[in-house]
Structure formats: structure tokens, C-alpha cells
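User: I'm new to this structure and would like to learn how to read it. Could you walk me through it feature by feature?

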Amino acid sequence: MKTNYLFLFIALLLAACSGKEDRSDAYGNFEVDDVMVSAESTGKLLFFNAEEGKKMAAGDIVAVVDTTDLVLKRDQLLAQQKAVTSKFENIHAQIEVQKQQLANLKTDKDRIENLLKDDAATQKQLDDINGQIDLVNRQISSTNTQFVTIQSELEVYVTQIAQVNESIRKCTVYNPSEGIVLEKFAEPNEIVAFGKPLYKIADTKEMILRVYVSGDQLPGIRLSQEVEVLIDQDKKTNRKLSGTVSWVSESAEFTPKIIQTKEERVNMVYAVKVRVKNDGSLKIGMPGEVNF
């Protein structure tokens, strides 16, 4: 009888030890680094190609917002720019006329100077012609200053046209990175506003297992450390994967409710991120375990 009790005690001890060894160092759930893609312009969504679960490459055109108003505004600015540019020709024509006037006055001056030598003209006539020459020279200088004013006007139009072109460019939404569309928040023909989220995308080729460890475990964890990750194979067995510690929180927090029992939620723990290559079996929200 004593022998039976002895065997029972040993069996219970081994079971307890086995249960302790089966416990992992930390538990958590898988997540991803997702990107929220938003509209950069306001208008009607003419084209929207995002579907939940669809794989998209970086640079793919995902959405196009109506650009009609912007194109009409650009056409108006281009017409105004052309009208201002035509002023250059008018100024050049004015200067040519004034230069011809100046040439005629200089000819008259030479004639008066020759007549003055023969006392056939007066000094007043010479002074008057010199005054007219000075006046035309000032007119030419004044007309030349109009080039600066017109050039300033043109620079304003160039800037405004560039702004409109940039707004038109932003009406086309390009996918920022390769990944799977997780959620979409708009439909074609909807009116979208600047900053409105259109869809959420994430690269699921690498998943993040966020786990929580105690302060006692923290000294044994370091960045880039290779760790063992366990996921459920079936009801009784686990599947082993390899992971790398990519981030360790610098501050403690209360254990999240979804991770531990009510008694353990009052404990202060540190969040740790473990990156795991995804062979297709890992899903967002799936539970996982880590052994450091």
C-alpha cells in the first residue's frame, strides 16, 4: 500500500514539473505595422480599387478624385498668364517708338548745333532740344521698369499654377507600400474630404508578437535576441517558430485584460515586440507564446 502511495506521489510530482516546464515565458497576440492611407484632396471619388484581402504593390494607383474644378482653374490661370506675357510685346513696341523719337531729336540737335555755328539758330532752340532728349530718355527708363512689374506678376501666376498642378497630382492616390488591404473606408462615387481615411494596408510577410514580461524577466531580454515562438498546432500540441526581439518598452504598465487573469492584471509588466516571419499561417490577433 505504501508502495502505491509512493508511485502516486512521484507521478504527481512529475506531472507538476512537466506542467511547469510546458509553461512559456510570455504570452501575447500577433499584430502588424499597418498604414492608414487617406485622401489628400476633396471631391468625388471617381475610381477606387482597394478591396479587403487584396494584395497591392507599392506605387499602384488606388484612387482618383475628380479634378474638373482644378483643371478649369488651371486653364484660367494659364489664360491670365498668357495675357500678362503679351504686355511684354506692348512695352517693347513703346520702347521702339521712344527710341525712334530719341533718334529724331538727336538729328534735330545736330542740325541746330550746325546752325548755331552760323548764327542761324539760337541757344534757346538748342536748350529746348536737349530738354526734349532728356525727357525721352526718362520715358525709356520708366518704360523699362514695367518689365520688372510684369515679371513679378508672371511669377505669381507660375506659383499659382504649380500649386494647382500639385493639387491635381494629389487627386491620384498611390499605394505607399506592398501589403494586404486590411480594411477600406470608402466606396466609388462618394464625396471624400482632405484627410479622410480610404483604406488600411499592412505587410503581413512579417508579423509582430506583442507579449508582456515581468520586471524579473526583463534583464534577460535584449534587442535582436533570437527567441522561440509557439503557436497552436492543434488542441494539444504547439508549433515552433523562430522570432527576433525588435522592441522593449522602457516603462511598465498594467497587464492588459486580454492577456492574464483578473488576479494577475494588477501586476506591472513590460511590453516586448517579437518579429516573426510569416509563412501564411500567422493571422492578426492570433495568440502566441515566447520562450526567451
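User: How do I read a sheet, and what is the strand order in the open sheet of four strands here?

Analyst: Strands of a sheet pair through backbone hydrogen bonds, either parallel or antiparallel. In this predicted model, local features need pLDDT of at least 70 and side-chain atom pairs count only at pLDDT 80 or more, while totals for chains, interfaces and linings use all residues. Residues are numbered from 1 along each chain as its sequence is written, and side-chain values use heavy atoms, with hydrogens and water left out. Helices (H or I, at least four residues) and strands (E, at least two) are DSSP runs numbered from the N terminus, and two strands pair if DSSP finds at least two bridges between them. Here the open sheet runs β6-β5-β3-β8, with antiparallel pairing. At its edges sit β6 (172-174) and β8 (191-192), each pairing on one side only.

User: How many bridges join β5 to β6?

Analyst: Three bridges join β5 (residues 61-65) to β6, and the two run antiparallel.

User: What about helices? How far does α2 reach from its first C-alpha to its last?

Analyst: To judge a helix, set its span against the expected one, which is 1.5 Å times one less than its number of residues. Helix α2 (residues 68-117) has 50 residues and reaches 75 Å, close to the 74 Å expected. Just after α2, look for Asp119, with a positive phi of about 60 degrees.

User: Which helix do the buried residues of α2 pack against?

Analyst: Buried means under 20% relative accessible area, exposed over 50%, and partly exposed in between (1.4 Å probe, protein chains only). The buried residues of α2 include Leu77, Val84, Phe88 and Gln98, and the buried residues of this helix pack against α3 (123-170). Take Gln98: its relative accessible area is 11%, so it is buried. Contact means heavy atoms within 4.5 Å. Leaving aside neighbours within four places in sequence, Gln98 is in contact with Val136, Gln139, Ile140 and Thr143.

User: How do I read aromatic pairs, and how many does the structure hold?

Analyst: A pair of aromatic rings is described by the distance of the centres and the angle of the planes. Rings of Phe, Tyr and Trp (its six-membered ring) pair if their centres lie within 6.5 Å; planes under 30 degrees apart count as stacked, over 60 as edge-to-face and the rest as tilted. The structure holds two such pairs. In one, Phe48 and Tyr199 have ring centres 6.4 Å apart and planes at 55 degrees, so that pair is tilted. Phe48 lies in β3 and Tyr199 in β9 (residues 197-202), so the pair ties together parts 151 residues apart in sequence. Phe48 counts as buried at 8% relative accessibility, and Tyr199 does at 0%.

The rings of Phe88 and Phe147 have centres 5.8 Å apart and planes at 15 degrees, so this pair is stacked. Phe88 is in α2 and Phe147 in α3, 59 residues apart. Both Phe88 and Phe147 are buried.

User: Which residue lies over the face of Trp247?

Analyst: A charge sits over a ring if NZ of Lys or CZ of Arg is within 6 Å of the ring centre and within 35 degrees of the ring normal. Lys273 lies over the face of Trp247, at 5.2 Å from the ring centre.

User: And where does Glu40 lie?

Analyst: Glu40 lies in the loop between β2 (34-38) and β3 (43-48). With a relative accessible area of 40%, Glu40 is partly exposed. Glu40 and Cys171 are 131 residues apart in sequence and 6.7 Å apart in space, C-alpha to C-alpha.
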